[in-house]
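Please go through the model below.

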Amino acid sequence: MTKAKWTEGWGLFWLLTLALAAMTLGLLFAAGWGTDGYRLVIRATARTSLILFLAAFAASAAARLWPGTVTHWLRRNRRQLGLGFAMSHFIHALAIIALWQTDPGTFWTLTNRGAIVTGGTAYLFIALLAATSFDRAVKAIGPKAWGWLHWLGVWFIAVSFIFTNGKRIPVSGWYALPVALVLAAIILRIAANRPRISIAA
Ligand code: HEM
């Protein structure tokens, strides 16, 4: 029998899930199961989500441009990294609901109906991408529809990260860093998809 590895495939997915659960519980026990704790969890999961999303989003492009151990690991595990992103954003949603239920006053100072509609659309894509991240789902909807859905979904999420971080730049210049990371990943994907021009005779 082959031994399950925590750094590959489903072992990696469960390791990511455990780490996210430990981080969430750690923050809630440290800051309290109330406004401060829920806000910390919302912000922390927004950041873990971005890291996991970028790893999955840039994996194939990075492996194509710089073939090597790390980039091949990223490409091999991009499905699990993508599902790890979905898990992280699921916790983001749970903490948002907890904040809305326990402290609606603070909740409405931090968000508005327009942001809920665009954020809700991103969540719809995240749910659809996660539900179709299995071989059986690819077969069921067909590779063409699957390709379109995943193309549209990942781009919508990438743009959502640019806007959700970008609108906070006036509060702190540090929010320019995640915006720059998403833009860099987009450039990487475009560069990797460019047809190669061979100068060899
Ligand atoms: C209905 C959907 C959503 C709602 C109601 C929502 C709500 C919130 C709230 C209230 C905060 C502020 C927390 C605080 O400052 O204490 C926040 C932060 C954030 N959210 Fe969401 N969110 C939603 C969906 C999304 C989506 C889809 C993304 C990205 C794809 C996202 C990315 C972020 C980011 C980047 C932050 C800033 C984190 C930081 O401070 O570093 N959110 N969200």
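The report starts with the model and its overall fold, then turns to single helices, cores and the ligand.

## Model and conventions

This is a predicted model: local features need pLDDT of at least 70, side-chain atom pairs count only at pLDDT 80 or more, and totals for chains, interfaces and linings use all residues. Residues are numbered from 1 along each chain as its sequence is written.

## Overall fold

The protein has 9 helices and 0 strands. Helices (H or I, at least four residues) and strands (E, at least two) are DSSP runs, numbered from the N terminus. The pattern along the sequence is α-α-α-α-α-α-α-α-α.

A compact globule of 201 residues would have a radius of gyration near 17 Å; the protein has 18 Å, which agrees. That radius is taken over C-alpha atoms, and the globule rule is 2.2 Å times the number of residues to the power 0.38. The C-alpha trace spans about 70 × 50 × 30 Å along its principal axes. Of the 201 residues, 23% count as buried. Buried means 20 or more other C-beta atoms within 10 Å of a residue's own, exposed means 12 or fewer, and partly exposed lies in between; C-beta atoms are placed from the backbone.

Contacts in the protein between residues at least 6 apart in sequence join residues at least 24 apart in 65% of cases. Two residues are in contact if their C-beta atoms, placed from the backbone, lie within 7 Å.

## Helix α1

Helix α1 covers residues 9-31. Its 23 residues should span 33 Å at 1.5 Å a residue, and its end C-alpha atoms are 33 Å apart, which agrees. The expected span is 1.5 Å times one less than the number of residues.

L12, L16, L20, T24 and L27 are buried in α1. An α-helix has 3.6 residues a turn, so residues three or four places apart point the same way. The cover over the buried residues of α1 includes α2 and α4. Just after α1, G32 takes a positive phi of about 100°.

## Helices α8 and α6

The 24 residues of α8 should span 34 Å; the end C-alpha atoms of α8 are 34 Å apart, which agrees. Its buried residues are G153, I157, F161 and N165. Among the elements that cover them are α2, α6 and α9 (176-193).

L124 sits in helix α6. Is L124 buried or exposed? L124 counts as exposed, because it has 12 C-beta neighbours inside 10 Å. L124 and G153 are 29 residues apart in sequence, yet 9.0 Å apart in space, C-alpha to C-alpha.

## Nonpolar cores

A nonpolar core is a set of buried Ala, Val, Leu, Ile, Met, Phe, Trp, Tyr and Cys residues joined through C-beta atoms within 7 Å. The largest has 19 residues; L52, F53, L54, A55, A56, F57 and A58 have the most contacts inside it. α2, α4, α6, α8 and α9 each supply at least two residues of this core. The largest share, 11 residues, comes from α2.

Beyond its neighbours within four places in sequence, A58 is in contact with A185, L188 and R189. Apart from this core lies another, of 12 residues, including L20, L83, I91 and L99.

## Ligand shell

Which residues come nearest to the ligand? Of the 20 residues around the ligand, they are R39, A46, G119, A122 and T164. A residue is near a molecule or strand if its C-beta atom, placed from the backbone, lies within 6 Å of it.

α2 (35-65), α4 (78-102), α6 (113-131) and α8 (143-166) each supply at least two shell residues. The shell divides into 9 nonpolar, 7 polar and 4 charged residues. Ala, Val, Leu, Ile, Met, Phe, Trp, Tyr, Cys and Pro count as nonpolar, Asp, Glu, Lys and Arg as charged, and the others, Gly among them, as polar.
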